[in-house]
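Here is a friendly walk through one protein model, written for someone who likes to know how each value was defined. Have a look at the sequence and the structure first, and then we can go through the details together.

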Amino acid sequence: MNSSSHIEINHTPIWAQLHQHQRATRYMHMRGLFDADPLRFKKMHIAIDGILLDYSKNRITQDTIDLLTELAQEANLQGWMDKMRSGAIINLSEKRAALHIALRQPETANVQVNGHNVIPDIHRELKKALAFANTLYEQTHLGFSGQPITDVVNLGIGGSDLGPQMLTQALTPYHGKANVHFVANVDSTDLLEKLTQLNPQTTLFIIASKSFSTPETLLNAQTARKWFLQQGQKSDIAKHFVAVSSNSNAAIEFGIDSNNIFALFDWVGGRYSSWSTIGLSLMCAIGEQHFRAFLSGGLAMDEHFFNAPFKQNIPVLMALIGIWYNTFYGAHSYAIIPYAHALRRLPAHIQQLDMESNGKQTGRYGEHLDFDTGPIIWGEEGVNCQHAFFQLLHQGSRLIPSDFIIPINSHYQFAEHQETLVSNAFAQTEALMKGKTAAEVLTELSDLPGIERDQLMPQKCFPGNQPSNSILIEKLTPFNMGQLLAMYEHKVFVQGIIWGINSFDQWGVEYGKVLAKQIQPELTTDSVLQRDSSTNGLIQYFRSHYKK
Ligand code: F6P
């Protein structure tokens with residue numbers, strides 16, 4: 001599809017039909033849907049090797065799914081999937097392919113970008129990175145004083161931090177000998193808290209920056225270098241600093257040895273880059289064999305995504321159901337609730353993946369999108385969140401769909417903990433769906449005197465009908481983590497295609513960066529300020545209270 005033939009999705013008959021369908025079904029309660037059809041779970045779940053999606057606890061009928069898949073067809077989802085897979089330029093504003101899926105392909109594959117097969121390049125860089133990472137994983141890489149490197153610090157932000165950090169945490173049982181740390185924030189606390197525990201002789205820094213121009217990362221890298229040079233010599237830097245970047249010139253200019261630069265390709269977006277050399281920190285943590293298993297998990301999800309019919313396709317269904325609430329119900333947010341301490345950074349990673357991809361109100365051809373697009377993604381690990389914000393999910397006034405991500409098996413031998421954790425997850429999805437009726441509450445309160453009972457009864461009712469997907473994962477293995485991550489990437493892609501968004505650029509984050517650059521010198525000089533009165537006032541106040 002090109003701009004001349006592109007359709008405005010919200011002006012299509014199927015869009016109107018979906019609005020009509022929402023109006024006709026909006027008072028339907030999921031409790032009734034379950035009562036009416038004992039086979040609802042059977043009909044509304046999909047299980048593939050290692051992962052199950054139960055989407056039955058949603059405000060949908062088979063008609064809803066039929067209409068939503070028609071919407072996907074109207075948006076030419078299949079055509080865009082084919083384009084992505086073939087290496088076509090689908091990131092139109094940056095004139096690039098979006099080919100993170102190629103990173104999961106075997107060496108025998110052939111994926112062409114501008115007439116060039118990129119698979120050999122990918123595997124060359126992957127092998128180089130894995131071979132290097134294994135020396136950290138096995139602690140055979142020696143620092144300048146001859147001692148083995150014990151600690152690896154990833155200096156990166158956004159996509160150069162969140163994915164690798166989340167995965168490194170999720171896969172702790174697979175860690176080798178390296179202690180892997182992550183520093184993202186330019187707030188010196190982040191870096192110094194790590195450095196105070198470390199020894200320059202046994203520490204290696206990975207400067208992870210696709211652009212090698214992100215000021216926060218570069219400042220952290222400069223400070224880390226100064227810290228290192230308190231003990232090491234300039235000539236020792238090569239043993240202790242490496243870079244991952246698609247801008248090797250900038251990395252060399254920074255002082256990184258050209259042999260210590262791991263390349264990454266311009267057709268990999270930052271938030272999709274954990275599979276690439278940006279995953280070097282993760283490779284150091286889990287070693288080659290487990291990193292390859294992670295790639296295989298991603299590939300398995302790709303094969304499911306590209307081959308399963310839309311109605312049996314996990315990422316497609318998740319995307320369609322998300323659109324149902326977001327666009328047709330007007331739900332503003334979407335919660336990601338992993339029932340695993342090891343997945344505590346998953347909400348943050350999905351937040352970037354989804355919000356930086358689809359947080360846009362302009363379509364891929366520059367047109368204004370006159371409907372709600374990307375939701376606010378938020379979340380926290382279960383069960384902790386039950387004791388924090390679940391009150392609002394159960395009895396608040398807002399529609400908040402959610403994903404419950406539930407590993408079935410723990411790596412640790414505390415069965416009672418795992419069973420308590422999982423039963424809580426299942427209980428929450430049941431309570432959110434069913435709610436508690438006035439009649440049920442009245443029975444519980446039958447011993448109370450009339451007035452007290454009448455006041456308490458509505459407060460103890462739960463409206464229910466709060467939707468959730470349950471995503472069961474066999475165990476938090478590298479393979480399953482690959483599946484999970486690729487599943488969300490494809491979900492976000494499908495939503496972007498249907499809304500008509502380019503999910504692979506991020507112009508919205510640039511403006512603030514430009515202003516920050518202008519404001520920084522104004523903080524410490526007495527130049528005349530010419531901003532709005534609020535920003536001027538804040539700068540003035542800072543100037544008068546700041547002690548350098
Ligand atoms: O500011 C947003 C962003 O551009 C993200 O898209 C990206 O993941 C992050 O910054 C880091 O970028 P880089 O890897 O180029 O330092």
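What percentage of the 548 residues of the protein chain count as buried? The share is 54%, where buried means under 20% relative accessible area, exposed means over 50%, and partly exposed is in between (1.4 Å probe, protein chains only).

## Ground rules

This is a predicted model, in which local features need pLDDT of at least 70 and side-chain atom pairs count only at pLDDT 80 or more, while totals for chains, interfaces and linings use all residues. Residues are numbered from 1 along each chain as its sequence is written, and side-chain values use heavy atoms, with hydrogens and water left out.

## Overall build

The protein chain holds 21 helices and 13 strands; helices (H or I, at least four residues) and strands (E, at least two) are DSSP runs, numbered from the N terminus. Its radius of gyration is 25 Å, close to the 24 Å that the globule rule gives for 548 residues, so the chain is as compact as a globular protein of that length. That radius is taken over C-alpha atoms, and the rule is 2.2 Å times the number of residues to the power 0.38. Along the principal axes, the C-alpha trace spans about 80 × 60 × 60 Å.

Contact here means heavy atoms within 4.5 Å. Among contacts between residues at least 6 apart in sequence, 74% join residues at least 24 apart.

## Surface, charge and domains

The accessible surface of the protein chain comes to about 24,100 Å², and 52% of that belongs to carbon and sulfur atoms. The areas come from the Shrake-Rupley method with a 1.4 Å probe; for residues, only the protein chains shown count as cover. As for charge, there are 43 positive and 51 negative side chains, and the centres of the two sets lie 3 Å apart. Lys and Arg count as positive and Asp and Glu as negative, with His and the chain ends not counted; each charge is placed at NZ of Lys, CZ of Arg, CG of Asp or CD of Glu.

The domain assignment gives domain 1 (9–74 + 308–434 + 466–499), domain 2 (101–286) and domain 3 (507–545), with bounds that come from an automatic or database domain assignment. The centres of domain 1 and domain 3, taken over C-alpha atoms, are separated by 40 Å.

## Helix 5 and its surroundings

Helix 5 covers residues 77–86, and its buried residues are L77, G79, W80, M81 and M84. What do these residues pack against? Their partners are helix 4 (62–74), helix 12 (280–307), helix 13 (314–328) and helix 19 (478–499). In the loop between helix 4 and helix 5 you will find N76, which has a positive phi of about 60° although it is not a glycine. N76 counts as partly exposed, at 27% relative accessibility. Just after helix 5, G87 takes a positive phi of about 85°.

Follow the chain onward and V111 sits in the loop between helix 5 and strand 3 (112–113). V111 counts as buried because its relative accessibility is 9%. Leaving aside neighbours within four places in sequence, V111 has contacts that include R85, L99, H116 and I119. R85 is 26 residues away in sequence, with 7.8 Å between the two C-alpha atoms.

H290 has its place in helix 12 and counts as buried, at 17% relative accessibility. Leaving aside neighbours within four places in sequence, H290 is in contact with Y137, Y174 and P478. The C-alpha atoms of H290 and T477 are separated by 8.6 Å, although these residues are 187 apart along the chain.

In helix 19 we find Q495, which is buried at 2% relative accessibility. Beyond its neighbours within four places in sequence, Q495 is in contact with M318, A319, G322, I323, D354 and N358. By contrast, Q495 and E253 are 242 residues apart in sequence and 40 Å apart in space, C-alpha to C-alpha.

## Backbone details

Q139 lies in the loop between helix 6 (119–137) and strand 5 (151–155). Its phi is positive, about 60°, although Q139 is not a glycine, and with a relative accessible area of 24% it is partly exposed.

Where is the cis peptide bond, with omega near 5°? It runs from G382 to V383, and V383 is placed in the loop between strand 11 (376–379) and helix 15 (390–395).
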